[in-house]
Amino acid sequence: MKTTLYGWGSMFDLPSPSPFVMKADIHLQMFGIPFERAIADLDSVDKHKAPYVRDDGVVVQDSAFIRRHFEKKLGIDLDSGLTPEQRAASWALEKMLERHLQPIDACERWLIDENFERGPKQFFLGVPAPMRDAVIAQVRADFAKTMHGSGFSRYSRQERITLARADIAAAALLLGSKAHFFGDTPTAVDGAAFGVLAGCATRFFESELPDIVAEHPNLVAYLNRMQKRFFETDLWPRMA
Ligand SMILES: N[C@@H](CCC(=O)N[C@@H](CS)C(=O)NCC(=O)O)C(=O)O
């Protein structure tokens with residue numbers, strides 16, 4: 001039996017540049033199964049996104065379906081002990097963070113020139129030099145188009161930050177003084193929450209987001225606690 005999680009390792013002072021890879025990594029650790037980590041080859045999977053896992057030869061794409069695959073296979077519920085209402089709140093929080101706050105953070109990284117230069121541009125260092133600039137321009141244009149379609153780039157940067165501030169404050173309030181979002185033990189949403197909130201908290205980029213996270217000492221303590229528990233050492237292979 002062999003399980004491999006495909007994604008990317010430490011970048012931008014984070015365990016992974018991708019919140020979804022961090023989430024899947026945390027979930028696999030919560031399942032308690034041995035697994036390896038390997039650098040993703042997006043061209044090898046039809047959704048063209050990471051994370052994905054190869055589990056005994058079966059490829060499972062998308063962090064939500066990775067979770068479901070192992071919950072079913074192992075008979076382990078990452079939300080065991082939660083009431084139906086807590087499960088609903090957990091899903092709502094996860095999707096607010098992933099579908100609203102995360103794209104705002106992505107805009108900080110991809111649309112602000114100095115952040116793009118020091119951040120996402122590094123993803124393309126492996127592209128042969130003669131075509132690198134064209135590939136970078138195309139991928140960045142695709143990102144801008146996606147953000148226009150979803151509406152995020154139609155907000156000004158300051159409007160996006162205002163919305164992010166509300167998301168981060170909501171997460172901080174829901175966490176309160178608990179060790180994790182639903183008590184002493186991590187549940188599924190902690191994987192998603194760590195991924196997105198750690199992404200906002202990194203000081204690697206020029207952004208107001210880390211300052212906003214820092215306004216909530218309980219969130220900062222939570223992120224430190226989660227980092228220590230799940231990512232104490234650098235677990236990923238070096239990227240080429
Ligand atoms: N819904 C997916 C989202 C995964 C995702 O957006 N991954 C990004 C990195 S954060 C990616 O692989 N992007 C590559 C691309 O869009 O080409 C999940 O939960 O796994």
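Me: Which residues of helix 1 are buried?

Reply: The buried residues of helix 1 are Pro19, Phe20, Val21, Met22, Lys23, Ala24, Asp25, Ile26, His27 and Leu28, where a helix is a DSSP run of H or I with at least four residues, a strand is a run of E with at least two, and both are numbered from the N terminus. The model is predicted, so that local features need pLDDT of at least 70 and side-chain atom pairs count only at pLDDT 80 or more, while totals for chains, interfaces and linings use all residues. Residues are numbered from 1 along each chain as its sequence is written.

Me: What makes helix 1 mostly covered?

Reply: Ten of the 13 residues of helix 1 are buried, a word kept for residues with 20 or more other C-beta atoms within 10 Å of their own, against 12 or fewer for exposed and anything in between for partly exposed, with C-beta atoms placed from the backbone. The cover includes strand 1, helix 2 (63–74), helix 3, helix 7 and helix 9 (217–230).

Me: Why does the span of helix 1 agree with its 13 residues?

Reply: The expected span is 1.5 Å times one less than the number of residues, and because this gives 18 Å for helix 1 and its end C-alpha atoms are 18 Å apart, the two agree. Helix 3 (residues 84–111), with 28 residues, reaches 39 Å between its first and last C-alpha, close to the expected 40 Å.

Me: What is the bend in helix 3, and where does it lie?

Reply: A kink of about 35° lies at Leu101, shortly before the proline Pro103, the bend being the angle between axes fitted to the seven residues ending at a residue and the seven starting there.

Me: What makes strand 1 and strand 2 a pair?

Reply: Strands pair if DSSP finds at least two bridges between them, and strand 1 (residues 3–7) and strand 2 (residues 36–39) have four, in the parallel sense. Within this pairing, Leu5 stands opposite Arg37 in strand 2.

Me: Why is the unit of strand 1, helix 1 and strand 2 called right-handed?

Reply: Strand 1, helix 1 and strand 2 make a right-handed β-α-β unit, which means that, with the strands pointing away from the viewer, the path from the first strand over the helix to the second runs clockwise.

Me: How is the protein divided into domains?

Reply: Domain 1 (3–74) and domain 2 (84–230) are the two parts, with bounds from an automatic or database domain assignment. Their contact takes 13 residues from domain 1 and 17 residues from domain 2, contact being C-beta atoms, placed from the backbone, within 7 Å. Helix 1 gives the most to the domain 1 side, with eight residues.

Definitions and conventions
Contact = placed C-beta atoms within 7 Å.
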